Amino acid sequence: MSEQKSFTSPRWTGTTKLVVALTVVVIIGALLVRFHTLIGPLLMAIILAYLIHPLASWLDNRTPLPWRAVVNIIYLLLLLILLGLLTAGGVGLVQQVQSLIRIIPQYIEELPDFIESVSKVYQFGPFQIDLTQIDFTAIAEQVLSVVQPVLGQLGSLIGTLASSAATTL
């Protein structure tokens, strides 16, 4: 009769365990660094699948549609809702910026009158602040010289923003 031998591996020493653990940590770290751009979308996909699974399961049980069709319908509806929200937000943003562009020249024209109304002597208890000594006209001219080029560039910026948003959609 042949005698059956059992081979057992020797126990790992503390040093061996440390080396293996550090190697595993380095490999995991290298994988995280290498694939860091995939981690965000992967987590979003997991969260989305987790949140949508009950709805898909409910629709799968209540309709004669197959599982894939139910999931595709849910994703299509979510995509349509997202595009609708982005469109509504974009339209609102464009309207707000257009209102800002329309109202800024009016405020710029009223700036000298406002500055004259502010140029007074104010008394706060024992303290007196004399704003008549400050040359607000020079400050207003500097503000206008800064704001006018910005307003000119704002129109082209809005056009670029709208075209890039349309391209993305």
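Colleague: How many helices and strands are there in the protein?

Modeller: This is a predicted model, and the protein in it has 4 helices and 2 strands.

Colleague: What pattern does the protein follow along the sequence?

Modeller: The elements are arranged as α-α-α-β-β-α when read along the sequence. The protein is more spread out than a compact globule, because its radius of gyration is 34 Å, well over the 15 Å that the globule rule gives for 169 residues.

Colleague: What does the C-alpha trace span along the principal axes?

Modeller: The C-alpha trace spans about 115 × 60 × 35 Å along those axes.

Colleague: And what percentage of the residues count as buried?

Modeller: Of the 169 residues, 8% count as buried. The protein exposes about 14400 Å², and carbon and sulfur atoms supply 69% of that area.

Colleague: Which share of the contacts between residues at least 6 apart joins residues at least 24 apart?

Modeller: That share is 35%, for contacts in the protein between residues at least 6 apart in sequence.

Colleague: Turning to charge, how many positive and negative side chains does the protein have?

Modeller: There are 8 positive and 9 negative side chains. The centres of the two sets lie 40 Å apart.

Colleague: Why is Leu76 classed as partly exposed?

Modeller: Leu76 has a relative accessible area of 49%, and the partly exposed class applies because that value falls between the 20% limit for buried and the 50% limit for exposed.

Colleague: What separates the C-alpha atoms of Leu76 and Asp135?

Modeller: Their C-alpha atoms are separated by 62 Å, and the two residues are 59 residues apart along the chain.

Terms used: Residues numbered from 1 in each chain as written. Predicted model: local features only at pLDDT ≥ 70, side-chain atom pairs only at ≥ 80, totals over all residues. Heavy atoms only, no water. Rg over C-alpha atoms; globule rule 2.2 N^0.38 Å. Buried < 20%, exposed > 50% of the residue type's maximum accessible area, 1.4 Å probe, protein only. Contact = heavy atoms within 4.5 Å. Areas by Shrake-Rupley, 256 points an atom, 1.4 Å probe, with all protein chains shown as cover. Lys, Arg positive; Asp, Glu negative; His and termini not counted. Charge placed at Lys NZ, Arg CZ, Asp CG, Glu CD.
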